Amino acid sequence: MTETATWQAWQDHWDRMQEWYIPDREERFRVMLDTVEALTGPEPNVLDLACGTGSITDRLLKRLPGARSTGVDIDPALLTIARGHFAGDDRVELVTADLTDPSWTDALPHRPYDAVVTATALHWLDTEPLRELYGRIRGVLRDGGVFLNADHMTDESTPRLNAAAEAFHTARQEREQAAGVLGWADWWTKVADDPVLAEPVRRRFELLGDPRGPKGGHPADRPTTTRWHVDALREQGFAEARQVWCSHSDALVAALR
């Protein structure tokens, strides 16, 4: 297998693992990119926040070949996969930065951006750091630029609907796991066993913890509702903010500077 095929294989493994948690992930990406294109045109300058292996950037460039993307993350292992996958593509720049550090925007090579996008990442932040991050995101967007956050968000006004959907989702996960689909911890075990990725995985475990150990869970003080995100974005100065897509456990929120 060629080196290019190897990086593509890791992208595919990552996507399959993520889809085990979010079966409508591709639909979520489609709506996200619909919104980017509608507001920025066919050649946007995009910031892919907490980019991981580059899932959003990969789909962005396939849909809009004239786009440019700056991917930002702190995870050495996921960034190694992203760098391998996008090697030689001058439309992509990848930056190591900690989004909890107020100075992370200093590392960005291109400002302002037409769009900032992120998915399944910011739920790891406590309420106040996330509120402050929203303000900094607004600061790197041009006037009329759009921010899109796809993440775990719920509507607490429908507890019976939520419970039924969650039970259905859990049963599906159990069937797929029995058929051999890798979950989060098993995926990291597989990555750590790859000689090419062993060193960046070791650095990732030192920096962020070993995801195969006891699950620490999300922060206790974290926003969980779509309403909180919409209100916080408006409080941070965005002119418009609303939900543009949702499932029973996830939503996509768009905010316009």
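Beyond its neighbours within four places in sequence, Gln18 is in contact (heavy atoms within 4.5 Å) with Arg25, Thr120 and Trp184. This is a predicted model: local features need pLDDT of at least 70, side-chain atom pairs count only at pLDDT 80 or more, and totals for chains, interfaces and linings use all residues. Residues are numbered from 1 along each chain as its sequence is written, and side-chain values use heavy atoms, with hydrogens and water left out.

**Gln18**
- Gln18 sits in helix H1, residues 3-21. Helices are DSSP runs of H or I with at least four residues, strands are E runs of at least two, and both are numbered from the N terminus.
- Gln18 is buried, at 9% relative accessible area. Buried means under 20% (1.4 Å probe, protein chains only).

**Cavity**
- The whole structure holds one cavity of 30 Å³ or more. A cavity is a set of points, on a 1 Å grid over the protein atoms alone, where a 1.4 Å probe fits but cannot get out.
- The largest cavity has a volume of about 50 Å³, the space filled by probe spheres set on the points.
- Its lining residues (an atom within 4 Å of a point) include His123, Asp151, His152 and His229.

**Strands S2 and S3**
- S2 (residues 68-73) and S3 (residues 92-96) pair in the parallel sense over five bridges. Pairing takes at least two DSSP bridges.
- Ser69 stands opposite Val92 in S3.
- S2, helix H4 (residues 76-85) and S3 form a right-handed β-α-β unit. Right-handed means that, with the strands pointing away from the viewer, the path from the first strand over the helix to the second runs clockwise.

How values were computed: Buried means under 20% relative accessible area, exposed over 50%, partly exposed in between (1.4 Å probe, protein chains only). On a 1 Å grid over the protein atoms alone, a cavity is a set of points where a 1.4 Å probe fits but cannot get out, and a pocket is an open set with protein on both sides within 12 Å along at least five of seven lines; lining residues have an atom within 4 Å of a point.
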